[in-house]
Amino acid sequence: MGNKHGSLLSSGSGARTRISPSSYVDLEVGWNEKIGSRKNQADLAQFRELMPSDIPAANLASLFALYDHNHNGKLSWHEYLCTVTLLMSGSFEEKIDLIFHAFDKDGNGSISEKELKEAVRKFARPGDDSKMFIHQVMQTCDVDKDGTISLEEFQNFVKENPDVYEKMSGRLNVAL
């Protein structure tokens, strides 16, 4: 289940230079105060301490899943820094890549119908999880009809269907 993200997420290269030095220091100080050290990992309860207090619990769990790139239930400093950096200064393509990998739970480079159902259940706003919606997304997104959604198919889908993407990823609220 290797990390298949773009260069910023896979290597951390450039994360520190893509945000202001003061933002980096603020992130690092906040992490160290709440988590203890950059070597420590954060669970959901600790992640809650890093986030604004007005985020609803369901949204917080969804955000945690977005930050948890390797899906191990813990956040490293690297995952936290890279995700915040992408959310603050990432390109359209980098943000789509981030969302895609949050949906690709098994990390195999494609989103199965099962993963899409789980992502919609986890990330969509309450009431948006319907079999018809998931079926329509699979039919529209899976251009080559292989039963999965590739990164390229997902990128094209999001570009062509921003309203459907917004419905599917509602709780994440990642502005593209």
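Student: At what angle do helix α9 and helix α10 pack, and how far apart are their axes?

Tutor: This is a predicted model. Two packed helices are described by an axis angle and an axis distance. For α9 (residues 131-141) and α10 (residues 151-160), the angle is about 110 degrees and the axes lie 9 Å apart.

Student: Is α9 roughly parallel or roughly perpendicular to α10?

Tutor: The angle between the two helices is about 110 degrees. Angles of 65 to 115 degrees count as roughly perpendicular, so α9 is to α10 roughly perpendicular.

Student: Which residues meet where α9 contacts α10, and how many of the contact residues are nonpolar?

Tutor: From α9 come Val 137, Thr 140 and Cys 141, and from α10 come Glu 153, Phe 154 and Phe 157. By class, the contact of α9 with α10 has one charged residue, one polar and four nonpolar.

Student: What is the volume of the second largest cavity?

Tutor: The count comes to two cavities of 30 Å³ or more. For the second largest cavity, the volume is about 40 Å³.

Student: Which element gives the largest share of the lining of the second largest cavity?

Tutor: The lining includes Ala 102, Phe 103, Glu 115 and Phe 123. Two elements give two or more residues to this lining, α7 (92-103) and α8 (113-123). The largest share, five residues, comes from α8.

Student: How many residues of that lining are charged?

Tutor: Lys 105, Glu 115, Glu 118 and Lys 122 are among the lining residues of the second largest cavity. The lining divides into four nonpolar residues, no polar ones and, for the charged class, four.

Definitions and conventions
Residues are numbered from 1 along each chain as its sequence is written. This is a predicted model: local features need pLDDT of at least 70, side-chain atom pairs count only at pLDDT 80 or more; totals for chains, interfaces and linings use all residues. Side-chain values use heavy atoms; hydrogens and water are left out. Axes are lines fitted to C-alpha atoms, for helices over the stretch in contact, and angles run from 0 to 180 degrees between N-to-C directions. Helices (H or I, at least four residues) and strands (E, at least two) are DSSP runs, numbered from the N terminus. Angles under 35 degrees count as roughly parallel, over 145 as roughly antiparallel, 65 to 115 as roughly perpendicular and the rest as oblique. Contact means heavy atoms within 4.5 Å. Ala, Val, Leu, Ile, Met, Phe, Trp, Tyr, Cys and Pro count as nonpolar, Asp, Glu, Lys and Arg as charged, and the others, Gly among them, as polar. On a 1 Å grid over the protein atoms alone, a cavity is a set of points where a 1.4 Å probe fits but cannot get out, and a pocket is an open set with protein on both sides within 12 Å along at least five of seven lines; lining residues have an atom within 4 Å of a point. Grid points are joined across faces, edges and corners, and a volume is the space filled by probe spheres set on the points.
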